[in-house]
Amino acid sequence: MMPGTTIAIVQMESKLGKPAQNLRKAERYIHQAAEQGAHLICLPEAFSTSGNILEVADVSVPIPGPETEFLCEQAGRAGAHVVAGLLERGDDGRYYSTSVLCGPEGTLLGRYRRVHCHELEARYLSSGSEYPVFDVGFGRVGLMQGYDINFPEVAREYGRRGVDVIVCSALVPEMFAYVANMRLPVRAVDAECIIAFASGIGTNLYAGFGYMGRSQILADPLFLEAERFDFVDGDERMVDLGKEAGVGVVEVDLDRMRRYRTKATLSGDLQPATYWQLERE
């Protein structure tokens, strides 16, 4: 395990109908993050197409495929792990909103198919059913996407699996920004780990709304206070990109976070036999 892990979040606007342009833009940001020494670089959900689910049959891509080959090449050049969201055309004939993890050796390490879909999305997208974790050089990584933030069960599941960092690739409509922004630090507490939230910005012209931005890296505020971390006063965010495109970078000592978690975890007080009883009746 390395003592200092540098995490980078990329906030970018992906244009509808401009996949090649979006890939070139992502390449520039990945390069910027690599220049700042990032070990983990996180891109938004559906970064190559934006949230074009109305045309998902036309714009979705296979995994693996050319887009993951591009991401793996970028990860290899950067010498870093890269996470990004794609609209996936599955072998089963279904469509998914999927996050992929590519390693610094230029290989595809795995994917997460978003489990939770809004009822309107569910007309076009299918739900995944698994919460994969990935043991990489700096620690254990879990993946989720923006809509999952609404469900504490996702963070809890990853917390139960001992992840150090959850990467949340997001494309959250602006009208839900207030609630999403409130839930993010709570999820970091729920999962007892770092959350890297990489969000899209700009406007979805088909749907008629914008995306929230507010890409951020955050953690349990008590951990940050204990470590005297120089975070935003009165908040739990180590970096917050607001509405601007760009790259945010933070170095976190994950070994210290693990030691803090060992001392401060509430997991031993959980009472799992009392939860979801209605489902068992």
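Guide: What follows sets values against cut-offs. Keep in mind that this is a predicted model.

Visitor: What makes the chain agree with a compact globule?

Guide: The radius of gyration does. A compact globule with 281 residues would have a value near 19 Å, and the chain has 18 Å, so the two agree. Along its principal axes the C-alpha trace spans about 55 × 50 × 35 Å. Of the 281 residues, 54% count as buried. The chain contains 8 helices and 14 strands.

Visitor: How many disulfides does the structure hold?

Guide: It holds 0 disulfides.

Visitor: How do you know that Cys117 is in no disulfide?

Guide: The nearest cysteine sulfur, that of Cys168, is 14 Å away.

Visitor: Why are Cys117 and Cys168 called buried?

Guide: Buried means under 20% relative accessible area. Cys117 has 18%, so it counts as buried. Cys168 has 0%, so it is buried as well.

Visitor: What is the volume of the largest cavity?

Guide: About 50 Å³. The structure holds 1 cavity of 30 Å³ or more.

Visitor: Which kinds of residue line the largest cavity?

Guide: The lining divides into 7 nonpolar, 3 polar and 1 charged. Among the lining residues are Met12, Phe47, Leu171 and Tyr211. Glu45 is in the lining too; Glu counts as charged, so Glu45 supplies the charged entry.

Visitor: Ala46 is also in that lining. What stands out about its phi?

Guide: Phi of Ala46 is positive, about 50°, although Ala46 is not a glycine. Most residues other than glycine have a negative phi. Ala46 is found in the loop between strand 2 (40–42) and helix 2. Its relative accessible area is 3%, under 20%, so Ala46 is buried.

Visitor: Where is Glu192 found, and is it buried or exposed?

Guide: Glu192 is found in the loop between helix 5 (177–191) and strand 9 (194–201). At 18% relative accessibility, under the 20% cut-off, Glu192 counts as buried. Phi of Glu192 is near 55°, a positive value in a residue other than glycine.

Visitor: What makes the bond between Ile63 and Pro64 cis?

Guide: Omega is about 0° for the peptide bond that joins Ile63 and Pro64. Most peptide bonds are trans. Pro64 is found in the loop between helix 2 (56–59) and helix 3 (66–78).

Note on methods: Residues are numbered from 1 along each chain as its sequence is written. This is a predicted model: local features need pLDDT of at least 70, side-chain atom pairs count only at pLDDT 80 or more; totals for chains, interfaces and linings use all residues. Side-chain values use heavy atoms; hydrogens and water are left out. A disulfide is a pair of cysteine sulfur atoms within 2.5 Å. Buried means under 20% relative accessible area, exposed over 50%, partly exposed in between (1.4 Å probe, protein chains only). On a 1 Å grid over the protein atoms alone, a cavity is a set of points where a 1.4 Å probe fits but cannot get out, and a pocket is an open set with protein on both sides within 12 Å along at least five of seven lines; lining residues have an atom within 4 Å of a point. Grid points are joined across faces, edges and corners, and a volume is the space filled by probe spheres set on the points. Helices (H or I, at least four residues) and strands (E, at least two) are DSSP runs, numbered from the N terminus. The radius of gyration is taken over C-alpha atoms; the globule rule is 2.2 Å times the number of residues to the power 0.38.
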